[in-house]
Amino acid sequence: MSVLVASDLDRTLIYSAAALGLDMPDAEAPRLLCVEVYQGRPLSYLTETAAGLLAELVRTSVFVPTTTRTVEQYRRIRLPGPASRFAICANGGQLLVDGEPDPGWHARVRATLADACAPLEEVRAHLRATADPAWLLKERSAEELFAYLVVRRELLPESYVKELSQWAEPRGWTVSLQGRKIYAVPEPLTKSAAVAEVKSRTGVDEVLAAGDSLLDADLLLAADRAWRPGHGELAAAGWTAPHLTVVEEKGVAAGEIIVRALGERSSVSWARARSQAIRALSRGRG
Ligand SMILES: [Mg+2]
(Lines give C-alpha, C1' and ligand atoms only; values in the text may rest on other atoms or scores of the structure.)
Protein backbone atom coordinates (compact mmCIF):
# COMPACT_ATOMS: atom_id res chain seq x y z
CA MET A 1 0.00 0.00 0.00
CA SER A 2 1.51 3.28 -1.05
CA VAL A 3 0.58 6.63 0.42
CA LEU A 4 0.31 10.01 -1.27
CA VAL A 5 0.93 12.95 1.04
CA ALA A 6 -0.40 16.25 -0.34
CA SER A 7 0.57 19.10 1.93
CA ASP A 8 0.09 22.84 1.68
CA LEU A 9 3.35 24.72 2.26
CA ASP A 10 2.96 28.25 3.66
CA ARG A 11 1.75 28.28 7.25
CA THR A 12 1.30 24.50 7.19
CA LEU A 13 4.85 23.20 6.65
CA ILE A 14 6.92 26.38 6.28
CA TYR A 15 6.62 29.71 8.08
CA SER A 16 7.78 33.27 7.51
CA ALA A 17 9.28 35.09 10.52
CA ALA A 18 5.94 36.81 11.14
CA ALA A 19 4.07 33.49 11.19
CA LEU A 20 6.47 31.45 13.39
CA GLY A 21 4.51 32.12 16.57
CA LEU A 22 7.47 31.60 18.89
CA ASP A 23 5.93 32.54 22.22
CA MET A 24 8.33 30.61 24.48
CA PRO A 25 11.38 32.17 26.18
CA ASP A 26 14.04 32.87 23.51
CA ALA A 27 16.48 30.40 25.04
CA GLU A 28 13.91 27.60 24.60
CA ALA A 29 12.96 28.39 20.99
CA PRO A 30 13.45 25.50 18.56
CA ARG A 31 16.38 25.59 16.16
CA LEU A 32 15.14 26.62 12.71
CA LEU A 33 16.15 25.73 9.19
CA CYS A 34 15.72 28.39 6.50
CA VAL A 35 14.28 26.81 3.33
CA GLU A 36 13.58 29.93 1.28
CA VAL A 37 15.63 33.01 0.44
CA TYR A 38 13.96 35.94 -1.34
CA GLN A 39 15.95 38.86 -2.73
CA GLY A 40 18.95 37.77 -0.72
CA ARG A 41 17.11 37.55 2.60
CA PRO A 42 15.86 34.53 4.58
CA LEU A 43 12.08 34.19 4.22
CA SER A 44 10.66 30.78 5.24
CA TYR A 45 11.56 28.30 7.95
CA LEU A 46 10.68 25.01 9.58
CA THR A 47 12.08 23.56 12.77
CA GLU A 48 15.21 21.45 12.51
CA THR A 49 13.21 18.49 13.88
CA ALA A 50 10.47 18.98 11.26
CA ALA A 51 13.15 19.11 8.56
CA GLY A 52 14.49 15.70 9.63
CA LEU A 53 10.98 14.21 9.75
CA LEU A 54 10.11 15.69 6.36
CA ALA A 55 13.24 14.26 4.73
CA GLU A 56 12.13 10.82 5.99
CA LEU A 57 8.52 11.35 4.85
CA VAL A 58 9.69 12.29 1.35
CA ARG A 59 11.52 8.95 1.17
CA THR A 60 8.63 6.78 2.40
CA SER A 61 5.66 8.31 0.57
CA VAL A 62 4.66 9.98 -2.68
CA PHE A 63 5.13 13.45 -1.19
CA VAL A 64 3.41 16.18 -3.21
CA PRO A 65 3.97 19.82 -2.18
CA THR A 66 0.56 21.41 -2.86
CA THR A 67 0.55 25.19 -2.94
CA THR A 68 -1.19 28.30 -4.23
CA ARG A 69 2.24 29.72 -5.06
CA THR A 70 3.17 30.25 -8.69
CA VAL A 71 5.79 27.93 -10.17
CA GLU A 72 8.39 30.70 -9.84
CA GLN A 73 7.54 31.29 -6.16
CA TYR A 74 7.57 27.54 -5.49
CA ARG A 75 11.00 27.08 -7.06
CA ARG A 76 12.59 29.28 -4.39
CA ILE A 77 11.74 26.71 -1.71
CA ARG A 78 14.42 24.13 -0.94
CA LEU A 79 12.75 21.42 1.10
CA PRO A 80 14.93 18.78 2.78
CA GLY A 81 15.15 15.27 1.33
CA PRO A 82 15.04 14.13 -2.28
CA ALA A 83 13.14 16.30 -4.78
CA SER A 84 9.49 15.34 -5.19
CA ARG A 85 8.47 13.71 -8.46
CA PHE A 86 5.22 15.73 -8.46
CA ALA A 87 4.36 19.18 -7.12
CA ILE A 88 1.13 21.15 -7.41
CA CYS A 89 1.36 24.94 -7.84
CA ALA A 90 -1.07 27.78 -8.63
CA ASN A 91 -3.77 26.17 -6.48
CA GLY A 92 -3.94 23.20 -8.84
CA GLY A 93 -3.41 25.14 -12.08
CA GLN A 94 0.13 23.83 -12.57
CA LEU A 95 1.30 20.25 -12.13
CA LEU A 96 5.07 19.91 -12.00
CA VAL A 97 6.47 16.56 -13.06
CA ASP A 98 10.17 16.20 -12.23
CA GLY A 99 10.26 19.96 -11.72
CA GLU A 100 8.68 20.95 -15.05
CA PRO A 101 5.08 22.12 -15.65
CA ASP A 102 2.87 19.62 -17.46
CA PRO A 103 1.43 21.68 -20.35
CA GLY A 104 -1.43 19.23 -20.95
CA TRP A 105 -2.67 19.59 -17.38
CA HIS A 106 -2.49 23.40 -17.52
CA ALA A 107 -4.46 23.46 -20.78
CA ARG A 108 -7.12 21.15 -19.34
CA VAL A 109 -7.54 23.34 -16.27
CA ARG A 110 -7.84 26.51 -18.35
CA ALA A 111 -10.45 24.92 -20.57
CA THR A 112 -12.51 23.96 -17.50
CA LEU A 113 -12.37 27.49 -16.13
CA ALA A 114 -13.32 29.21 -19.39
CA ASP A 115 -17.01 28.28 -19.08
CA ALA A 116 -17.36 28.00 -15.33
CA CYS A 117 -16.70 31.46 -13.93
CA ALA A 118 -16.24 35.16 -14.65
CA PRO A 119 -13.04 35.99 -16.55
CA LEU A 120 -9.87 36.94 -14.68
CA GLU A 121 -9.82 40.42 -16.22
CA GLU A 122 -13.24 41.25 -14.78
CA VAL A 123 -12.05 40.22 -11.30
CA ARG A 124 -8.80 42.17 -11.61
CA ALA A 125 -10.69 45.27 -12.74
CA HIS A 126 -12.92 44.98 -9.67
CA LEU A 127 -9.90 44.52 -7.38
CA ARG A 128 -8.18 47.58 -8.83
CA ALA A 129 -11.35 49.64 -8.53
CA THR A 130 -12.07 48.72 -4.90
CA ALA A 131 -8.62 48.39 -3.28
CA ASP A 132 -7.51 51.55 -1.49
CA PRO A 133 -3.93 52.76 -2.16
CA ALA A 134 -3.76 53.54 1.58
CA TRP A 135 -3.39 49.80 2.26
CA LEU A 136 -2.71 48.24 -1.15
CA LEU A 137 0.93 47.34 -1.82
CA LYS A 138 0.60 45.22 -4.99
CA GLU A 139 -2.05 43.80 -7.32
CA ARG A 140 -0.91 40.74 -9.26
CA SER A 141 -2.16 37.89 -11.41
CA ALA A 142 -0.71 34.40 -11.11
CA GLU A 143 -0.18 32.04 -14.06
CA GLU A 144 -3.05 33.82 -15.87
CA LEU A 145 -5.39 31.90 -13.59
CA PHE A 146 -6.14 33.97 -10.50
CA ALA A 147 -5.35 37.27 -8.81
CA TYR A 148 -4.05 38.46 -5.47
CA LEU A 149 -3.46 41.64 -3.55
CA VAL A 150 -0.58 42.25 -1.15
CA VAL A 151 -1.89 44.54 1.57
CA ARG A 152 -0.84 46.37 4.72
CA ARG A 153 -2.86 44.17 7.00
CA GLU A 154 -2.97 46.65 9.89
CA LEU A 155 -4.70 49.21 7.62
CA LEU A 156 -7.05 46.80 5.81
CA PRO A 157 -10.70 47.56 6.74
CA GLU A 158 -12.31 44.54 8.38
CA SER A 159 -15.26 44.62 5.97
CA TYR A 160 -13.20 44.50 2.75
CA VAL A 161 -12.69 40.73 2.47
CA LYS A 162 -16.33 40.02 3.33
CA GLU A 163 -17.60 42.48 0.70
CA LEU A 164 -15.19 41.12 -1.88
CA SER A 165 -16.38 37.56 -1.16
CA GLN A 166 -20.00 38.63 -1.60
CA TRP A 167 -19.16 40.18 -4.97
CA ALA A 168 -17.03 37.23 -6.09
CA GLU A 169 -19.25 34.31 -5.05
CA PRO A 170 -22.04 34.75 -7.66
CA ARG A 171 -19.29 35.10 -10.28
CA GLY A 172 -17.82 31.68 -9.36
CA TRP A 173 -14.79 32.99 -7.49
CA THR A 174 -13.50 32.31 -3.95
CA VAL A 175 -11.71 34.83 -1.72
CA SER A 176 -9.08 33.86 0.85
CA LEU A 177 -7.09 36.06 3.24
CA GLN A 178 -3.69 34.66 4.22
CA GLY A 179 -1.22 36.85 6.04
CA ARG A 180 -0.59 39.91 3.84
CA LYS A 181 -2.27 38.40 0.77
CA ILE A 182 -5.89 38.44 -0.39
CA TYR A 183 -6.46 35.79 -3.05
CA ALA A 184 -9.28 35.71 -5.58
CA VAL A 185 -9.38 32.23 -7.11
CA PRO A 186 -11.87 30.61 -9.53
CA GLU A 187 -13.97 28.06 -7.61
CA PRO A 188 -13.19 25.16 -9.99
CA LEU A 189 -9.43 25.80 -9.66
CA THR A 190 -8.71 23.40 -6.81
CA LYS A 191 -5.81 21.61 -5.24
CA SER A 192 -7.96 18.48 -4.90
CA ALA A 193 -8.47 18.14 -8.68
CA ALA A 194 -4.71 18.16 -9.23
CA VAL A 195 -4.20 15.66 -6.38
CA ALA A 196 -6.78 13.35 -8.00
CA GLU A 197 -4.74 13.54 -11.19
CA VAL A 198 -1.52 12.59 -9.35
CA LYS A 199 -3.39 9.82 -7.55
CA SER A 200 -4.54 8.29 -10.82
CA ARG A 201 -1.06 8.61 -12.36
CA THR A 202 0.66 6.94 -9.39
CA GLY A 203 -2.00 4.39 -8.40
CA VAL A 204 -1.63 5.06 -4.67
CA ASP A 205 -4.12 3.59 -2.19
CA GLU A 206 -4.37 6.31 0.40
CA VAL A 207 -4.21 10.12 0.37
CA LEU A 208 -3.13 12.14 3.42
CA ALA A 209 -3.45 15.93 3.37
CA ALA A 210 -2.64 18.98 5.47
CA GLY A 211 -3.51 22.66 5.10
CA ASP A 212 -4.52 25.79 6.98
CA SER A 213 -6.54 28.07 4.68
CA LEU A 214 -9.94 28.16 2.96
CA LEU A 215 -8.18 27.20 -0.28
CA ASP A 216 -7.15 23.94 1.43
CA ALA A 217 -10.67 22.89 2.48
CA ASP A 218 -11.36 20.86 -0.70
CA LEU A 219 -7.91 19.23 -0.43
CA LEU A 220 -8.60 18.15 3.16
CA LEU A 221 -12.13 16.93 2.33
CA ALA A 222 -10.94 14.82 -0.60
CA ALA A 223 -8.22 13.05 1.45
CA ASP A 224 -8.62 9.83 3.44
CA ARG A 225 -7.08 11.52 6.47
CA ALA A 226 -6.32 15.16 7.02
CA TRP A 227 -4.67 17.57 9.47
CA ARG A 228 -4.91 21.28 10.06
CA PRO A 229 -3.05 23.58 12.46
CA GLY A 230 -4.55 25.65 15.29
CA HIS A 231 -4.02 28.86 13.32
CA GLY A 232 -5.24 30.14 9.95
CA GLU A 233 -8.57 30.69 8.21
CA LEU A 234 -9.90 27.17 8.85
CA ALA A 235 -9.09 27.42 12.56
CA ALA A 236 -10.71 30.87 12.74
CA ALA A 237 -13.85 29.40 11.18
CA GLY A 238 -13.78 26.38 13.53
CA TRP A 239 -13.78 24.25 10.39
CA THR A 240 -13.73 20.49 10.89
CA ALA A 241 -14.56 17.14 9.25
CA PRO A 242 -14.94 13.56 10.54
CA HIS A 243 -11.56 12.41 9.19
CA LEU A 244 -9.76 15.64 10.15
CA THR A 245 -7.31 15.91 13.05
CA VAL A 246 -7.13 19.40 14.50
CA VAL A 247 -3.67 20.18 15.83
CA GLU A 248 -4.06 22.58 18.76
CA GLU A 249 -0.60 24.13 18.40
CA LYS A 250 -0.05 27.27 16.34
CA GLY A 251 2.80 28.48 14.19
CA VAL A 252 5.94 26.54 13.32
CA ALA A 253 5.33 24.14 16.25
CA ALA A 254 2.11 23.01 14.54
CA GLY A 255 4.09 22.39 11.35
CA GLU A 256 6.38 20.00 13.22
CA ILE A 257 3.44 18.08 14.73
CA ILE A 258 1.76 17.79 11.33
CA VAL A 259 4.90 16.39 9.63
CA ARG A 260 5.31 13.91 12.48
CA ALA A 261 1.68 12.75 12.15
CA LEU A 262 1.94 12.40 8.36
CA GLY A 263 5.12 10.37 8.79
CA GLU A 264 3.62 8.08 11.45
CA ARG A 265 0.52 7.42 9.36
CA SER A 266 2.47 6.70 6.21
CA SER A 267 4.84 4.33 8.02
CA VAL A 268 1.84 2.46 9.53
CA SER A 269 0.49 1.97 5.99
CA TRP A 270 3.91 0.98 4.74
CA ALA A 271 4.36 -1.61 7.52
CA ARG A 272 0.87 -3.03 6.88
CA ALA A 273 1.59 -3.34 3.17
CA ARG A 274 4.86 -5.06 3.94
CA SER A 275 3.27 -7.66 6.23
CA GLN A 276 0.48 -8.27 3.70
CA ALA A 277 3.09 -8.85 1.02
CA ILE A 278 4.98 -11.29 3.26
CA ARG A 279 1.75 -13.17 4.08
CA ALA A 280 0.84 -13.39 0.40
CA LEU A 281 4.30 -14.65 -0.36
CA SER A 282 4.18 -17.37 2.32
CA ARG A 283 0.65 -18.44 1.17
CA GLY A 284 2.09 -18.74 -2.32
CA ARG A 285 4.83 -21.01 -0.98
CA GLY A 286 2.42 -23.12 1.12
MG1 LIG B 1 -1.24 27.79 3.78
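## A walk through the fold

Let's start with helix α9 (residues 252–285), which lies across β2 and β4 and runs at about 50° to β4. Helices here are DSSP runs of H or I with at least four residues, strands are runs of E with at least two, and both are numbered from the N terminus. Axes are lines fitted to C-alpha atoms (for helices, over the stretch in contact), and angles go from 0 to 180 degrees between N-to-C directions.

Before going further, a word on the model. This is a predicted model, in which local features need pLDDT of at least 70, side-chain atom pairs count only at pLDDT 80 or more, and totals for chains, interfaces and linings use all residues. Residues are numbered from 1 along each chain as its sequence is written.

Strands β2, β4 and β3 form an open sheet of 3 strands in the order β2-β4-β3, with antiparallel pairing. β2 and β3 (32–38) are at the edges with a single partner strand each, so one side of each has no neighbour in the sheet. Two strands count as paired if DSSP finds at least two bridges between them. Between β2 and β4 (residues 41–47) there are 2 bridges in the antiparallel sense, and Ser16 has Ser44 as its bridge partner in β4. Helix α1 (residues 48–60) packs on this sheet as well, touching β3 and β4, and its direction makes about 75° with that of β4. Contact means that the C-beta atoms of two residues, placed from the backbone, lie within 7 Å.

Zooming out, the protein has 9 helices and 15 strands. Its radius of gyration is 20 Å, close to the 19 Å that the globule rule gives for 286 residues, so the protein is as compact as a globular protein of that length. (The radius is taken over C-alpha atoms, and the rule is 2.2 Å times the number of residues to the power 0.38.) Along the principal axes, the C-alpha atoms fill a box of roughly 75 × 55 × 40 Å. If you take contacts between residues at least 6 apart in sequence, 58% of them join residues at least 24 apart.

The protein splits into domain 1 (3–110 + 189–285) and domain 2 (118–186), with bounds that come from an automatic or database domain assignment. Their centres, taken over C-alpha atoms, are 26 Å apart. Domain 1 puts 13 residues into the contact and domain 2 puts in 12. The side of domain 1 that touches domain 2 has 5 nonpolar, 6 polar and 2 charged residues. Here Ala, Val, Leu, Ile, Met, Phe, Trp, Tyr, Cys and Pro count as nonpolar, Asp, Glu, Lys and Arg as charged, and the others, Gly among them, as polar.

Next, burial. A residue is buried if 20 or more other C-beta atoms lie within 10 Å of its own, exposed if 12 or fewer do, and partly exposed in between, with C-beta atoms placed from the backbone. Buried residues make up 40% of the 286 residues. Strand β1 (residues 3–7) has 5 of its 5 residues buried, so the strand is largely enclosed by the rest of the structure. Val3, Val5 and Ser7 point one way from β1, while Leu4 and Ala6 point the other way. β1 pairs in the parallel sense with β13 (residues 206–210) over 5 bridges, Val3 being partnered with Glu206. It also pairs in the parallel sense with β5 (residues 62–65) over 4 bridges, where Leu4 is partnered with Val62.

Arg11 counts as buried because it has 26 C-beta neighbours inside 10 Å. Glu144 has a positive phi too, of about 55°, and is not a glycine either. That residue is in the loop between β9 (136–142) and β10 (146–151), and with 10 C-beta neighbours inside 10 Å, Glu144 counts as exposed.

One last stop is Lys181, found in β12 (residues 181–186). Lys181 is partly exposed, with 17 other C-beta atoms within 10 Å. Neighbours within four places in sequence aside, Lys181 is in contact with Tyr148, Leu149 and Val150. Lys181 and Leu149 are 32 residues apart in sequence, yet 5.5 Å apart in space, C-alpha to C-alpha.
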